[in-house]
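Please open the structure in your viewer and keep the sequence beside it, so that each selection can be followed in turn.

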Amino acid sequence: MTTASLLVVEDDPTLRDLLVASLRFAGFEVTATESGTEALRIVSNGPPDLVVLDVLLPDLDGFSVLRRMRAGTAPAREVPVLFLTARDAGDDKVAGLSAGGDDYVTKPFRLDELIARIRAILRRTAGATPEVLSAGDLVLDPAARLVTRGGEPISLSPTEFTLLRFLVENADRVLDRAQILHRVWHYDFGGDASIVESYISYLRRKVDNREPKLIHTVRGVGYVLRRPR
């Protein structure tokens with residue numbers, strides 16, 4: 001089994017050392033830095049499997065770091081990111097997820113929950129099948145991690161890609177929030193169902209900004225991606 005590599009970006013030296021030691025003990029290969037600029041260099045030169053990213057950094061803030069990652073080239077732009085920050089306001093969480101973050105953990109936190117969330121992200125972003133999926137003019141290629149609609153490429157974060165894939169694989173089937181949370185986020189310990197609504201909203205802006213609409217809300221139940229008739 002290959003050891004997953006993590007990059008920890010945290011400017012508090014005490015917390016950074018704790019994270020590095022704890023994550024290494026949990027079986028990960030860990031690199032660390034306090035600088036957003038240095039984090040971008042590391043990701044560009046040899047992308048890790050996941051980045052644990054603070055928001056408040058001495059140079060670039062974490063949101064800017066992530067936006068630059070997502071605007072870059074593959075494979076760096078596809079690296080999943082988990083925010084670990086003291087900024088717990090709802091608007092901050094929305095900003096982090098909107099920028100392409102895959103999860104948002106606030107301080108103080110439990111190490112076992114942090115490790116569980118890291119493993120959940122790695123599970124959902126690992127592996128791919130060669131089958132190309134489609135719904136109308138929407139085409140999703142899991143092996144190449146490419147999405148197009150009407151022939152135009154669409155850039156998605158790893159979690160957005162995984163959610164869209166789950167919807168397309170279950171096209172015309174109504175999925176409740178609990179199913180989506182479990183299958184996409186793998187929250188065996190429980191999770192915030194509002195994250196599902198947030199990511200559905202992100203997908204609609206990117207994928208469903210034209211007719212016919214594919215992603216539909218089923219009130220009181222969940223969501224369904226319907227193939228055009």
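At what angle do helix α2 and helix α3 pack, and how far apart are their axes? Select residues 36–45 for α2 and residues 62–70 for α3: the two helices pack at an angle of about 25°, with their axes 10 Å apart. Here an axis is a line fitted to C-alpha atoms, for helices over the stretch in contact, and an angle runs from 0 to 180 degrees between N-to-C directions. Helices (H or I, at least four residues) and strands (E, at least two) are DSSP runs, numbered from the N terminus.

Before going further, note that this is a predicted model, in which local features need pLDDT of at least 70, side-chain atom pairs count only at pLDDT 80 or more, and totals for chains, interfaces and linings use all residues. Residues are numbered from 1 along each chain as its sequence is written, and side-chain values use heavy atoms, with hydrogens and water left out.

Show the side chains of Gly36, Leu40 and Val43 in α2, which meet Val65, Arg68 and Met69 in α3, where contact means heavy atoms within 4.5 Å. The residues of this contact of α2 with α3 divide into 4 nonpolar, 1 polar and 1 charged, with Ala, Val, Leu, Ile, Met, Phe, Trp, Tyr, Cys and Pro counted as nonpolar, Asp, Glu, Lys and Arg as charged, and the others, Gly among them, as polar.

Next, select helix α6 (residues 158–169) and helix α7 (residues 177–185), which pack at an angle of about 125°, with their axes 10 Å apart. That angle makes α6 oblique to α7. From α6, Thr159, Thr162, Leu163 and Phe166 meet Gln179, Ile180, Arg183, Val184 and Trp185 of α7, and the residues of this contact of α6 with α7 divide into 5 nonpolar, 3 polar and 1 charged.

Now turn to the strands, where two strands pair if DSSP finds at least two bridges between them. An open sheet of 5 strands has parallel pairing and the order β2-β1-β3-β4-β5. At its edges stand β2 (29–33) and β5 (103–106), each with a single partner strand, so one side of each is left without a neighbour in the sheet. Select residues 5–9 to find strand β1, which is joined to β2 by 5 bridges, the two running parallel; Leu7 has Thr31 in β2 as its bridge partner.

Move on to strand β6 (residues 133–135), which 3 bridges join to β7 in an antiparallel arrangement, with Ala135 opposite Leu138 in β7. The hairpin of β6 and β7 has 2 residues between the strands, and Gly136 in the turn has a positive phi of about 65°.

Finally, select Ser201 in helix α8 (residues 194–207); Ser201 is partly exposed, with a relative accessible area of 29%.

Note on methods:
Parallel < 35°, antiparallel > 145°, perpendicular 65-115°, else oblique. Buried < 20%, exposed > 50% of the residue type's maximum accessible area, 1.4 Å probe, protein only.
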